[in-house]
Amino acid sequence: MDSPPPPPAAPRIATGPRGLPIIGVLRDVRKDVLGWLLRTAAAHGPVAQYRFGPGRAYLVTHPEGLKHVLQDHVKNYTKDHFSYSMARRIVGDGLLTSQGETWLKQRRLAQPAFHRARLSVMAEQMVRATAELSEHWGEAQRSGAPRHVVRDMMALTLRIVGEALFGTDVRAEVQAVSAAFNVLSEQAVERFRSLRLLPPVLPTAYDRAFRRASHTLREVVARIIAERRKRLEDQGDLLSMFMLARDEETGARMDDAHLQGEVLTMMLAGHETTATALSWAWTLLEQNPGPERMLHEELASVLGGRLPTADDVPRLVYTRRVLEESLRLYPPIYVLSRKVLEDDTVCGYQVLGGSSLDMSPYVTQRLPEYWPDPERFDPDRFTPDKVAARPRYAYFPFLGGPRQCIGNNFALMEGTLILATLAQRYRPRMVAGYTPTPEPLLTLRPTGELPAMITAR
Ligand code: HEM
């Protein structure tokens, strides 16, 4: 008779930084979150365990563990986490924060707005908006006035989201939206890292600033919705899809609060991240003359001086790799969290139900076993054979599994077209004395808005 299979080995208990009584690792995270994440992964391996305030948390950095959490056992890892309660206070209920049936219904509704055919229509809008910024960069080059590259990228990507997804011109509102979002982003991170989780309802200046910023964003969204209501024909864009959809069972349209949440989610998730990625691409190109030269050679041979179109995107191979490599070194969403529903085993380690589970593209995308010489900027890490040789979750700036970013193809196409349009003519050069360092707010922006002189190629 066959002997019975051996009992499964008992899961191991993950180790981790000890932290302090009551606050756990909070103080170290507040001091230097990126350094803390890198040190924790280096010292404790694929799964680390620690206390974040009073709660138990894990940091999973191994690609197999990420596949388990984000894909294979995704139902066990939910967004019932305080980071999403905070996000909900900023964007309301939308695709990013919802779960279960509500999320699935909305995701199916929104998906067609990001299909390939729609994206090529949007390419034209993207290039037109970028060409306008190119004119401003031309003036700056002639007059010698510096530009703030982060500000320019934010304004451009916000305008593109407005036109491409909502058929509206938000140029007049760019400053107000950016200022409001900066307040909310800084406060959200500060509140999160000090575990101040109460809603911002007090009559203090701090809470009032939060409420005011939130109100500004809602006013902009209300204006976009009201404008479309006046002419409720189907324009084939995302806003039409949201506004015209009816519930299959009840026949009801989406209520106003929900509609506002969806629009605000897309507006914020769809511009800040791409602008951050592009800002890093500009700094990395300046710091790496070899890749910058390769980029210029590709632009000369594919475009030869003309503006790009959707048809050029598949041929702008190196341009896209520049963007992918920038997203590796500086993933805009550098850390994400989930709540663990039930006890589980991840990479052979015990993970207890009720805990938090953190994942960091910033850390995994620097693991030397998948990324030799990880700090080096090398777009050729993204040739098809090198991509195929790495595990899927060694690289996940857009996440993966069912909650993968809905805008990933939009963002990669947009980033490629923006880089191609501007880099054909200009090279931004950081002003003397400025050194870009990553500022870990809601996204990982370069500090100080990247002041640069615009030089001609
Ligand atoms: C380089 C640019 C971008 C990066 C790095 C990025 C990254 C991400 C990540 C990591 C998530 C998962 C968040 C989570 O589960 O908590 C996400 C989700 C999402 N992103 Fe993006 N994103 C980018 C661009 C965009 C764009 C252009 C749009 C819209 C036009 C967009 C809309 C969304 C939405 C709606 C979600 C929630 C999707 C869902 O849960 O079903 N993103 N993004």
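Helices (H or I, at least four residues) and strands (E, at least two) are DSSP runs, numbered from the N terminus. What you see is a predicted model, in which local features need pLDDT of at least 70, side-chain atom pairs count only at pLDDT 80 or more, and totals for chains, interfaces and linings use all residues. Residues are numbered from 1 along each chain as its sequence is written.

**Around the ligand**

- Helix H11 (256–269), helix H12 (272–287) and helix H17 (408–423) each give at least two residues to the shell around the ligand.
- A residue is near a molecule or strand if its C-beta atom, placed from the backbone, lies within 6 Å of it.
- The ligand has 23 residues around it, and those that come nearest are Gly270, Thr273, Cys405, Gly407 and Ala411.
- The shell residues divide into 16 nonpolar, five polar and two charged. Here Ala, Val, Leu, Ile, Met, Phe, Trp, Tyr, Cys and Pro count as nonpolar, Asp, Glu, Lys and Arg as charged, and the others, Gly among them, as polar.

**The overall build**

- The protein contains 17 helices and twelve strands.
- Its radius of gyration is 23 Å, close to the 23 Å that the globule rule gives for 457 residues, so the protein is as compact as a globular protein of that length. The radius is taken over C-alpha atoms, and the rule is 2.2 Å times the number of residues to the power 0.38.
- The C-alpha trace spans about 75 × 55 × 55 Å along its principal axes.
- Of the 457 residues, 42% count as buried. A residue is buried if 20 or more other C-beta atoms lie within 10 Å of its own, exposed if 12 or fewer, and partly exposed in between, with C-beta atoms placed from the backbone.
- Among contacts between residues at least 6 apart in sequence, 76% join residues at least 24 apart. Two residues are in contact if their C-beta atoms, placed from the backbone, lie within 7 Å.

**Two open sheets**

- Two strands pair if DSSP finds at least two bridges between them.
- Methionine 359 in S8 is the bridge partner of valine 60.
- An open sheet of three strands has antiparallel pairing and the order S4-S12-S9. Strand S4 (147–148) and strand S9 (426–430) each have a single partner strand, so one side of each is left without a neighbour in the sheet.
- S4 and strand S12 (residues 451–456) run antiparallel and are joined by two bridges. Arginine 147 has alanine 452 in S12 as its bridge partner.

**Helix H9**

- Helix H9 (residues 205–230) has 26 residues and reaches 37 Å from its first C-alpha to its last, close to the 38 Å expected at 1.5 Å a residue. The expected span is 1.5 Å times one less than the number of residues.
- Buried residues in H9 include Phe210, Ala213, Ser214, Leu217 and Val221.
- The cover over the buried residues of H9 includes helix H4 (82–91), helix H7 (149–166) and H11.

- Lysine 386 lies in helix H16 (residues 384–389) and is exposed, with 12 other C-beta atoms within 10 Å.
- Glutamate 124 belongs to helix H6 (residues 116–143) and counts as partly exposed, with 14 C-beta neighbours inside 10 Å.
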